[in-house]
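Hi,

Here is the structure I promised to pass on. Have a look at it first, then read my notes below.

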Amino acid sequence: MKKTNVNMVVAGIACLLSALGFGAFDAKTLQAQIDAATAAGGGTVVVPKGTWETGPLALKSNVTLHLEKGAVLMGDPDPAVYKTAKLPALIHVKDAENVAITGEGTIDGRGGMMSSKVSRPHLVNFWECRNVKVEGVTLRCGGSWTLFSRRCDGVVYRGVKIWSHLNHCEDGMDVSSRNVLIEDCDVDADDDALVFKTSEPDIVVENVEVRNCRFASSCNAIKFGTESHGRIRNVNIHDCTLAPPSAHGRFDWRRGTPGVTEYLTGISAIAVESVDGEDLEDVTIRNITLSGYQVPIFVRFGHRRDCRNGRTPLLRNVLLENITGSAMSRIACSITGVAGRRVENVTLRNVTLDFPGGGVASDTLVPVPEVENKYPEARMFHCLPLPAYAFYVRHADGVRFEKVTTRHAAPEGRPAIFVDDATITTVACDFQKSEGSPDVVRQVVPGSAEKAETAFWDQAKKDYGFVAFPSAVAGRKPPLLVVLGCTPEKPLAYVLADCLKNGWAMLLPFAKDAPGVLAAIAKLESEIDASRILLRGDGAAADQALALVAAAPTRFAGVVSVMPSKYPEGFEAARGTPVWVVSALANPASVDVATRVFTALAPTGEGLEDSLVAALKNGQVPKAHRAKQKNPDYPPKQRKLALRREAGKARIDVAEGKRVSLYAPTISWLASQPLRSADGVGKRRLILAGDSTLQHRADTAPQGSWGEALAPMLADDVEIVNCAIGGKSTRTFMPDWQKKVVDQIRPGDWVLIQFGHNDMSKASDPKVDRQTDPDVEYMNNLIRYVADVRLKGGRPLLVTSITLYLYDAKTNGWKEKNPLARWVAAMKRVANEFEVPIVDLNALTLARIKELGCVEAGKWYMYSINGKDWAHPVKSGAAEIAKIFAADLRAQGGEAVTLLRK
């Protein structure tokens, strides 16, 4: 973006841009001014009001970059531009002193336009500098980290505003420096908001004060100690607010997080960690108000990586004082070390926390795995929720609770504090205790895991009448997985834990008779989706599964077998009940059966990819399907597609390394498929969510709905459910979204999402503002819609708005500018980033209208050449638009094409 007559002043040398002969403000121009100021001994480079585009810049000693109010410095959205820079950042500063970025303007890295699958630049980097200041400016959407100082001495961040939610790994402030002051800042980030790191053994972070700030994050608001091998000490954080994020660019923590029902949450408010060999000590965090986080406090001393400097690391002397807030999940706060690395001297004083409650007594008996080398976060343990409702403490010495108050909303079967191999002190505390729940503080003897496992099964029978595990996903009735062949001596609960995290309820009946199992299922009838019940039975348990299918042939949607032999053929031949084989354990005798079942996995004919079948034959597990503990979000291309993006995040190593199985993610994948309903009949549905161009119209209305006009083009087993509402944008449709769309989505449904022209303009009613920023709110709303559809097992389909307002009555010709272009581009970015099929109806209808000409194309619309309404089609126009949509969908191929009539 260019602008002429720029008045950029270099203070001290009074040099005007025009005097240098520059007629545009770009990276080269701005860098020349910075270099000129440095050569003159220092000065201030002023960026005037206006929007300016630039590439990477190197700020140098004794130079202040000042952005006037209304000045917006836009980064080049092409990541390749930054590869030539010494440090990959929009603004990078290396080995300089007395440098500053000030003013009331904005620096926008346009990170939302960069793919998360390529190397992306930071927004602002300070490396090995002295006397650094960033004051007053707004920083937005870097390619990755936003504001990073490494090996600096003397850093001041004052009044800085950060908003970064349009890409992955978007930390707000990353501090790897000493003598740091951060005050009066507002940070709202998709990744950690404020994080302290020491990426090399000789880096020391010390003498840091953070005060009067607001931090919001989709991950952790305040975090210490990943990518840390040096020392962090003497850090004082006080008088701050930790708030929920304003948006999510990528995460939806409702899936697999016990008790979480809100879309906008973070993982931990305060995360104090040492897992890579660092020394972390003398940290004080006080006067904190927090809300919107799954877990308020998480302290972890682990052994993820070897210490690089040969020094025995430590985590000690942490004070958490005057803290109030609430938890958003049933996962407790935790203070844990591992064998050989014990947490020392953590004090909680004047802390008041509210918890949702809802735990049961058997939760206290599930052994908590050490997972000493796993990436640290409050959700890291496989046995969630933890055995306490407030604090779980293990491998720690000198933990002190002083004037700590905890409350829980729902009844609790867990104690407030569960202590395992730790020493704690409680002074003047007030821990709520449910009637009939265990003691407020429970302390166990180290090494009692085997006894605890036996007690778990006994208690589970008392809690449920049979061993059943409810779904971790709230707000809907989950499908049920009945696991046959379990005994207290050979439990499968831990192996199948990931199925629960992916939204399944689970029943483990001990009874071998069919009536007893069916009676147990009946007890869960009000809590489950009765049309989606799978049996798991193989080996001896397959006989029991056959008996159940015989007793209730229309009751079960399918049978899951881990070790196929004669039983898959037996089920399908005798009862017509589909069988899915979900094992990566090679068995030559069953290869033919496995191949047949894999390739017929879905009703549409889609199966797991050929590489998996080939791996079975070779006795191997494909690399693409192995668990990757250090990086659970590895790129989808390395997963080789067919397990679906959301299911691919499920842990594959469900037995903690003892064996590798595809059981859990495949079960999750099956949850999204349109399995047979209880009566053996079920139609696929296309749910329409959008504005007036899709809205259902009465036969007498002149206006048509191109969505309704799709009906003759759809397959016989597809029905339209029209939830579109006239006049709605992505913002104003949001209150209707949950009740009208999300609550009725069934697994396998397609949801067509089309919004745009109302997002572009304000409503005539001044009280209703429909307009959204295409690069921020509009994109985030679409991301929310896509995530909600997938959470319910549905399949999203994005469609850009039909073209509008093209006829110019004054010139009797076409308007050159497409007013929807920015919203169309934003929807395409969402479709690309989240792998959602998209039909660009805006471009398709534009091309067709121009081909027809103004007069003929005008017949599509309610008011044509008089220029009043080029937005809403009549019925004949709606039918033409529907044909264009269907033709493009068919041309693209893919799963969505199965919606159309052959």
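A quick definition to start: a salt bridge is a side-chain nitrogen of Lys or Arg within 4 Å of a carboxyl oxygen of Asp or Glu. With that in hand, a search of the whole structure turns up 37 salt bridges. Please keep in mind that this is a predicted model.

First, the overall picture. The chain has 902 residues, and 59% of them are buried. You'll find 17 helices and 44 strands in the chain. Among contacts with a separation of 6 or more, 74% are between residues 24 or more positions apart. The accessible surface is about 34,000 Å², with 51% of that belonging to carbon and sulfur atoms.

Now find strand S16, residues 173–183. Of its 11 residues, 9 are buried, so the strand is largely enclosed by the rest of the structure. Here are its neighbours:

- Strand S14 (residues 147–158) runs parallel to S16, joined by 9 bridges; Tyr 157 has Ile 182 in S16 as its bridge partner.
- Strand S18 (residues 194–198) pairs with S16 in the parallel sense over 3 bridges, and Met 173 stands opposite Leu 194 in S18.
- Strand S19 (residues 204–211) is parallel to S16 as well, with 4 bridges; here Leu 181 has Glu 209 as its bridge partner.

Side chains of opposite charge can pair when their charged atoms come close. Take Arg 150 and Glu 200, whose side chains meet at 2.5 Å, N to O. Arg 150 is in strand S14 and Glu 200 is in the loop between S18 and S19, so this pair ties together parts 50 residues apart in sequence. Arg 150 counts as buried at 8% relative accessibility, while Glu 200 is partly exposed at 29%.

Another pair is Asp 186 with Arg 214, where the closest N and O atoms are 3.0 Å apart. Asp 186 sits in strand S17 and Arg 214 in strand S20, so the pair links parts that are 28 residues apart in sequence. Asp 186 is partly exposed at 29%, and Arg 214 is partly exposed at 28%.

Then there's Arg 304 with Asp 276, at 2.8 Å between the closest N and O atoms. Both of these residues are buried.

There is also a network of salt bridges linking Lys 133, Glu 135, Arg 158, Glu 183, Glu 209 and Arg 211.

Cheers

Conventions
Residues are numbered from 1 along each chain as its sequence is written. This is a predicted model: local features need pLDDT of at least 70, side-chain atom pairs count only at pLDDT 80 or more; totals for chains, interfaces and linings use all residues. Side-chain values use heavy atoms; hydrogens and water are left out. Helices (H or I, at least four residues) and strands (E, at least two) are DSSP runs, numbered from the N terminus. Buried means under 20% relative accessible area, exposed over 50%, partly exposed in between (1.4 Å probe, protein chains only). Contact means heavy atoms within 4.5 Å. Accessible areas come from the Shrake-Rupley method with a 1.4 Å probe; for residues, only the protein chains shown count as cover. Two strands pair if DSSP finds at least two bridges between them.
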